[in-house]
Amino acid sequence: MKYDHVDKLLAQWRDCRPDLDCSPMGVIGRLSRASRIIDKRLLKAFKKHDLSAIEFDILATLRRCQEPLTPTELYQTLMLSSGAMSTRLDALVKRGLIERIASEQDRRSCSVTLTEAGIELIDRALEDHVENERNILEPLTEDEQVHLATLLRKWLLYNEGH
């Protein structure tokens, strides 16, 4: 059996504090390290399309919803502040990837939609993103991926509710 970095840390804790069950560190430590590795690899793929992670998320949200969304709907979906969302939207408008559509009912309100250039970019980026994620998960069989997704769903349902 091969040992990873977390195994080494757990062994050190067993030597130092044999009275303490540090096994939760095995799961949390690995999740934390996996998150950093995944984020780094995702960002590399986004940069290939001249996108930040949040810009990818904005464009992908607009693409999958298939209808204009208000900035409020976007920032609530992506858990950003309204100020941060406004700045990101301004940059995407300047790049010609999205456009704002003024509301006919309320002149202070608008919706955001993808332009043709935005659709083309997010479609290319999405194809690369899915392939990148497939490569990230390559060490796991399809059954292992399903099992892991099931366990993570259970964990998220519990912890996102708290």
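Analyst: A residue counts as buried under 20% relative accessible area, as exposed over 50%, and as partly exposed in between (1.4 Å probe, protein chains only). Helices (H or I, at least four residues) and strands (E, at least two) are DSSP runs, numbered from the N terminus. The model is predicted: local features require pLDDT of at least 70, side-chain atom pairs count only at pLDDT 80 or more, and totals for chains, interfaces and linings use all residues. Numbering starts from 1 along each chain as its sequence is written, and side-chain values rest on heavy atoms, without hydrogens and water.

Four of its five residues are buried, so strand 2 is largely enclosed by the rest of the structure. Its partner is strand 1 (residues 98-102), and the two run antiparallel, joined by five bridges; strands are said to pair if DSSP finds at least two bridges between them. One of these bridges links A102 to C110 of strand 2.

Two residues of the strand may be examined in turn. T113 belongs to strand 2, which spans residues 110-114. With a relative accessible area of 17%, T113 is buried, because that value falls under the 20% limit. Beyond its neighbours within four places in sequence, T113 is in contact (heavy atoms within 4.5 Å) with L62, P68, L97, I98, E99 and I101. Among these partners, I98, E99 and I101 fall within the range of strand 1, residues 98-102.

S111 is also found in strand 2. Its relative accessible area is 22%, so S111 is classed as partly exposed. With neighbours within four places in sequence left aside, S111 contacts P68, L69, T70, E99, R100 and I101. In space, the C-alpha atom of S111 lies 31 Å from that of E131, although the two residues are 20 apart in sequence.

Beyond the strand, T115 sits in the loop that leads from strand 2 to helix 6 (116-136). T115 is buried too, at 16% relative accessible area. Not counting residues up to four places away in sequence, T115 touches G96, L97, I98 and E99.

K47, in helix 2 (residues 23-47), counts as exposed at 57% relative accessibility; its C-alpha atom is 21 Å from that of S86, 39 residues away along the chain. D50 occupies the loop between helix 2 and helix 3 and is exposed, at 56% relative accessibility. The loop between helix 3 and helix 4 (71-78) holds Q66, which is exposed as well, at 69%. Most residues other than glycine have a negative phi. D50 has a positive phi near 60°, and phi of Q66 is likewise positive and near 60°.

S52 also lies in the loop between helix 2 and helix 3 (53-65). Its contacts, apart from neighbours within four places in sequence, are F46 and R88. D123 is 71 residues from S52 along the chain, with 15 Å between their C-alpha atoms.

The protein has seven helices and two strands, arranged along the sequence as α-α-α-α-α-β-β-α-α. Its radius of gyration is 21 Å, well over the 15 Å given by the globule rule for 162 residues, so the protein is more spread out than a compact globule. That radius is taken over C-alpha atoms, and the rule is 2.2 Å times the number of residues to the power 0.38. Along the principal axes, the C-alpha atoms fill a box of roughly 65 × 30 × 25 Å. Of the 162 residues, 23% count as buried. Among contacts with a separation of 6 or more, 49% join residues 24 or more positions apart.
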